[in-house]
Amino acid sequence: MLVLTRKTGQKLIINDNIEVVILETKGEAVKIGIKAPKDVTIYREEIYEEIKKANKQAVSNSLVIDLDKTLNMIDVKKPNVDNYLSRLNSVINAAKKDKKPDS
Amino acid sequence: MKINTTRFGEIEIDENLIFDFIDPILGYEHLPKFFLVDYSSESPFKWLQAIDDPEIAFPVTFAGYFGLDYQFVIPEEDAKRLELKSAEELLTLNIVSIPPGEPQKATINLLGPLVINIYTKKAMQLVLVNTNYSVKHSLFANNKIATPAIAEKVEQ
């Protein structure tokens, strides 16, 4: 890990096309500005980690038996289910025939 | 094409329905290809099965099944990379987490939806910003409306 100290207003250039600037420091908080190409994704690390963790939990939790039980338990709005199921089926059928479904 | 899966055994899959995650499902960067398995056709829950790892499959569903008012914006650059030209090309799935033995505590990840272009088969897990959506929104706690976010429409 590269460790640097910057003062407010000072910048870092990464890879020639990413610019990081220290905008302001207030107590423990640091305000950072980042200029980067549109295809560079920038996340707060805790959000990224939260989603990653939720993904992993979904995989490790998943048992087919539980899902079927869940379906029997819940008061799912039937019309909504039918709508989405038929949309999904038409999507799948269209993909199989490799053509667009009728709108 | 046949693939092996832990949950469903060996299954026959239609190569037309293999989705290619150009940005990965977070934590699964080594698995870009997934197949949508319709294990119980009556059920609102489907599965995204990894092609290259029999053990990895995500239970997924549509937020709309559960009456959730769910909307978000797809950033322009992401829509471009997915080659999305209109809303009808878009399929949004959300990963569901069901604690073993406690299906009433099932939660849905509204913060990281899976967005898929059903024609190009390109997909990504979006990380939504500027929203109050939860990673663990309870599916069965009578809160039908997900906390509303800032005005959203799929970019046309």
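The buried residues of helix α1 of chain A pack against two strands of chain B, β6 (57-61) and β7 (90-97). I call a residue buried if 20 or more other C-beta atoms lie within 10 Å of its own, exposed if 12 or fewer, and partly exposed in between, with C-beta atoms placed from the backbone. Helices (H or I, at least four residues) and strands (E, at least two) are DSSP runs, numbered from the N terminus. What we have here is a predicted model, in which local features need pLDDT of at least 70, side-chain atom pairs count only at pLDDT 80 or more, and totals for chains, interfaces and linings use all residues. Residues are numbered from 1 along each chain as its sequence is written, while chains are lettered from A and ligands numbered from 1 in the order in which they are written.

Let me stay with this helix. Helix α1 of chain A covers residues 45-61, 17 residues in total. From its first C-alpha to its last it reaches 24 Å, close to the 24 Å expected at 1.5 Å a residue; the expected span is 1.5 Å times one less than the number of residues. Which residues of α1(A) are buried? They are A:Ile51, A:Ala54, A:Asn55 and A:Ala58. Seen down the helix axis, these buried residues fall within an arc of 100°, so they line one face of α1(A). The arc is that of the directions from the helix axis to the C-beta atoms. An α-helix has 3.6 residues a turn, so residues three or four places apart point the same way. On the face of α1(A) turned away from the buried side we find the exposed residues A:Glu45, A:Glu46 and A:Ser60.

I turn next to the nonpolar core. By this I mean a set of buried Ala, Val, Leu, Ile, Met, Phe, Trp, Tyr and Cys residues joined through C-beta atoms within 7 Å. The largest such core has 46 residues, and B:Val60, B:Val96 and B:Val115 have the most contacts inside it. At least two residues of this core come from each of α1 of chain A and, in chain B, β3 (18-23), β4 (33-37), β5 (46-50), β6, β7, β9 (114-117) and β10. Two residues are in contact if their C-beta atoms, placed from the backbone, lie within 7 Å. Leaving aside residues up to four places away in sequence, B:Val60 touches B:Lys46, B:Trp47, B:Leu48, B:Leu93, B:Asn94, B:Ile95, B:Val96 and B:Leu114.

Now the two chains in turn. Chain B has 1 helix and 11 strands, which run β-β-β-β-β-β-α-β-β-β-β-β from the N terminus. Of its 156 residues, 40% are buried. Among contacts in chain B between residues at least 6 apart in sequence, 53% join residues at least 24 apart. Chain A has 3 helices and 3 strands, in the order β-β-β-α-α-α from the N terminus. Buried residues make up 7% of its 103 residues. In chain A, 0% of the contacts with a separation of 6 or more are between residues 24 or more positions apart.

How confident is the predictor about chain A? The pLDDT, its confidence in each residue from 0 to 100, has a mean of 78 in chain A, with 62% of the residues at 70 or more. Confidence in chain A is highest in strand β1 (residues 11-14), at 96, and lowest in helix α2 (residues 64-73), at a mean of 58. Over residues 99-103 of chain A the pLDDT is below 50, and this stretch has 6 contacts in the model beyond near neighbours in sequence.

Within it, B:Asn4 has B:Glu10 of β2(B) as its bridge partner.

Most residues other than glycine have a negative phi. A:Asp16, however, has a positive phi of about 70° although it is not a glycine. A:Asp16 lies in the loop between β1 and β2 (18-26) of chain A, and counts as exposed because it has 6 C-beta neighbours inside 10 Å. B:Glu83 also is not a glycine and has a positive phi, of about 60°. Its place is the loop between α1 (76-81) and β7 of chain B. With 13 other C-beta atoms within 10 Å, B:Glu83 is partly exposed.

How values were computed. Pairing = 2+ DSSP bridges.
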